[in-house]
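Take a look at the model below. Then follow the text from the overall layout to the details.

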Amino acid sequence: MNSFIRNQFPILHQNVNGKPLIYFDNAATSQKPLAVINAIKDYYEHYNSNIHRGAHHLAQIATEKYEDARKTIAQHINASEQEINFVRGTTEAVNLVAISYGRKFIKEGDEIIVSEMEHHSNIVPWQMLCEEKGATLRVIPITDSGEIIFEEYLKLLSEKTKIVSIAYISNALGTIHPVKEVISEAHKVGAVVFIDGAQALPHKKIDVKELDCDFLGFSGHKVFAGTGIGILYGKEILLEAMNPYMGGGEMIKTVSFAGTTYNDLPYKFEAGTPHIEGGISLGAAFTYINELGLDNISVYEDELLEYGTSRFFEVEGLRLVGTAKEKASVISFLVDDIHPYDLGVLLNEQGIAIRTGHHCCQPLMDRLKIEGTCRASFAFYNTKEEIDATVSALKRAVKILS
Ligand code: C6P
């Protein structure tokens, strides 16, 4: 890996517990390049101000940069700016659709479909909606290798299906789902589709028009931008039809005690002072990734996945959890009956950051009859040398724990 790229990520150049940091927890949150750090710094050093309100110089610059970021993000996923709603992250994107779309359009007897391997944030908001409306949540079963069983999905679809919500890429196993096919089948029965893009945007170029998804949610912090910012994309016609999510400033046109009129898209869904520097950081992150090229990123990460998978197998007793044919750069694994947390602690002692546990996917863990896994997730700034060091550290840890 080009040392130029690693030099763009200052956090990577430190020791943890006396060893060079190896950061393999990118699916939880990614590290930030200087382009993003400097964009945030620049905002606070030069033009910190509220947006869409003040006529003064700083407010004008802040507004311009924030709206430029929206434009960059819209272009990145081939949407219009009206369809790009700034939210806090994927979790808020799902909740917004469940509340603003679901409360208006879901009724008793309707059905919502998710898969068995969704993140809790793509299960619980739908459960809450179903409870409120008397609707039913249906679940697409998965194979032991961690792929959805497509024929079972087809059997679940009916005229009762109103929403299908599925991750593009599983955070726990790395499976890449056939979302284009999922979407086109859902549309045949008139359902709308929410794509949880949290794990996809850092690895894949997404074109919402080509996919034809109705909604897409993702988190800035996983895509090299700041925390507390994310995007809900929605088709304009659907966003127009939905009720606002929160009431307050910015989302209104006029307010009187006789009644309030709502603002145009996208401001209708952006009540209150937004996360200004977060939005700007997300624009900077996409500009940065596009300079590197998502195709290049994807090829390099596939190489890391292939190399990592074969090298991890050298650890005695290691088994992969999730062996789908189409996978992103995530390796979930267990070693004999060693508790994942114990392995995580020993790797941390060697400066290696992985995630252990259920990865906010308890139903998936129940399906696989495990409590959790160890998960190493790679980004384009990781290296094969880091994988080598991790394999050695794993062998040492397993020896201690066996
Ligand atoms: N997954 C992980 O370590 P938020 O917290 O809103 O930014 O993202 C939630 C979320 C939704 N869907 C998927 C597929 C995700 O991976 C996540 C976040 C992190 O896997 C933290 S649990």
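The paragraphs below go from the domains to the ligand and then to the cavity. Keep in mind that this is a predicted model.

Start with the overall division. The protein splits into domain 1 (2-24 + 293-397) and domain 2 (37-290). Between the C-alpha centres of domain 1 and domain 2 the distance is 28 Å. The two domains also touch. On the domain 1 side, 35 residues are in contact with 30 residues of domain 2.

Now turn to the ligand.

Some contacts can be followed atom by atom. In the side chain of Arg 355, an N or O atom is 2.4 Å from an oxygen atom of the ligand. Gln 199 places a polar side-chain atom 2.7 Å from an oxygen atom of the ligand. For His 221, a polar side-chain atom also lies 2.7 Å from a ligand oxygen atom. How much of the ligand's exposed area does the protein bury? Taken alone, the ligand exposes 510 Å², and the protein buries 87% of that.

Searching the whole structure for cavities of 30 Å³ or more gives 1. The largest cavity contains about 80 Å³ of space. Its lining is made of 14 residues. Nearest the centre of the largest cavity are Asn 26, Ala 27, Pro 202, His 203 and Phe 378. The lining of the largest cavity divides into 6 nonpolar, 6 polar and 2 charged residues. Domain 1 (2-24 + 293-397) and domain 2 (37-290) both contribute to this lining, so the largest cavity lies between them.

Methods:
Residues are numbered from 1 along each chain as its sequence is written. This is a predicted model: local features need pLDDT of at least 70, side-chain atom pairs count only at pLDDT 80 or more; totals for chains, interfaces and linings use all residues. Side-chain values use heavy atoms; hydrogens and water are left out. A polar contact is a pair of N or O atoms within 3.5 Å; within protein, one must be able to donate a hydrogen and the other to accept it, and residues adjacent in sequence count only if both atoms are side-chain atoms. Accessible areas come from the Shrake-Rupley method with a 1.4 Å probe; for residues, only the protein chains shown count as cover. On a 1 Å grid over the protein atoms alone, a cavity is a set of points where a 1.4 Å probe fits but cannot get out, and a pocket is an open set with protein on both sides within 12 Å along at least five of seven lines; lining residues have an atom within 4 Å of a point. Grid points are joined across faces, edges and corners, and a volume is the space filled by probe spheres set on the points. Ala, Val, Leu, Ile, Met, Phe, Trp, Tyr, Cys and Pro count as nonpolar, Asp, Glu, Lys and Arg as charged, and the others, Gly among them, as polar. Domain bounds come from an automatic or database domain assignment. Contact means heavy atoms within 4.5 Å.
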